[in-house]
Amino acid sequence: MKRTIGCLAAALTLGAATASAQTVSIGTTRTGTLNNNMGVAIGTMLHRHGKIQTRVTPYSGTEQFVPLVNAGEADLAIPSATDAYFAYKGQEVYDKRPNQNLRAVATLFPLFLSVMVKDSSGIKGVPDLKGRTVSLGYTNHAQARRYFRGILASWGISESDLKGNTVPHVIAGVRDLMQGKTDATMFAVGVPKNAEIQAKVGTIRFLNANHSPEGIARLRKFVPTADVLQMKPKKGRIGIIEPTYLLAERYMVVTNAKVSDKVIYELAKLFYEKQKEFVAIVPIFRLYKPKQLSRDQGMPFHPGAEKFYREVGAWQKKS
């Protein structure tokens, strides 16, 4: 899968470079992350069905590429619902810098993630991380930092309780785990890179977030739109050794208000009508529900997307 995604990204970039038509640019997190894989899938589908040239550009974190979309320097991005909301409103890491040109295209599936450890480490729960060396900080990736702190907070602990190894982003955290520099790092469940990690370090385990009402309330101080949901073991579900409660937050596709209605209409239509093709590129796309693509997450929808959802009777946002 990793090689396939990489080849697709290269092909899309080459196609964009040689095309005379305007290129649709997609900002994502680092290569190898789920976010990047999703961006490549969107670019592939726009090129395949709309003959639209695309370019996928990886950055350290959403706080880098979401403002570029707002400024019109990128056309699409796939932040979490919380990150999109904070950016639009000008809150948290976007304090007093509202990104009012952002518009929603689609509300997708939940991202599931938690703290990852080697099963051989003997770490069975988040409280066991005390005194262990853990990747933390995520200095260039506010979204990851927010998730990590929320998971810790669900158990009533903070980064100050850990022996930390500061990293800029999640891929650096994973690299340190694979090199034996840390005992734990935060990462997403269900991404292709987990197979590479497990092949390097042995069986991996994702730790439980605290699913008690009190734990969820503490978590939501950092990630207001998140849920804590249980995932059960299943063949190919790497890191889920037993029923595990994970932080779950929906991804959103966002764009700039001035991006062509035609392009955004086409993308909304692809999500609605071509889910199986998206799944063939990145399997986790199976989790979104076409009838819920217009789910309101506190940001106005792009007119092109709204037009399509109204036409097919899938418009959920109140007028």
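The second largest pocket of this predicted model has a volume of about 270 Å³. A pocket is here an open set of points, on a 1 Å grid over the protein atoms alone, where a 1.4 Å probe fits, with protein on both sides within 12 Å along at least five of seven lines; lining residues have an atom within 4 Å of a point. Volume is the space filled by probe spheres set on the points, which are joined across faces, edges and corners.

| Largest | about 500 Å³ | 21 residues | Gly-190, Val-191, Gly-236, Arg-237, Arg-286 |

The lining of the second largest pocket comprises seven nonpolar, nine polar and three charged residues, whereas that of the largest pocket has 12 nonpolar, four polar and five charged. Ala, Val, Leu, Ile, Met, Phe, Trp, Tyr, Cys and Pro count as nonpolar, Asp, Glu, Lys and Arg as charged, and the others, Gly among them, as polar. Helix 7 (193-201) and strand 9 (227-231) each contribute at least two residues to the lining of the largest pocket; helices (H or I, at least four residues) and strands (E, at least two) are DSSP runs numbered from the N terminus.

The axes of helix 2 (residues 34-50) and helix 9 (residues 261-273) come within 10 Å and cross at roughly 105 degrees. Helix 2 is therefore roughly perpendicular to helix 9 (65 to 115 degrees). Axes are lines fitted to C-alpha atoms over the stretch in contact, with angles running from 0 to 180 degrees between N-to-C directions. Ile-42, Met-45, Leu-46, His-49 and Gly-50 of helix 2 meet Val-263, Glu-266, Leu-267, Leu-270 and Phe-271 of helix 9, contact meaning heavy atoms within 4.5 Å.

Local features need pLDDT of at least 70 and side-chain atom pairs count only at pLDDT 80 or more, while totals for chains, interfaces and linings use all residues. Residues are numbered from 1 along each chain as its sequence is written, and side-chain values use heavy atoms, with hydrogens and water left out.

Note on methods
Parallel < 35°, antiparallel > 145°, perpendicular 65-115°, else oblique.
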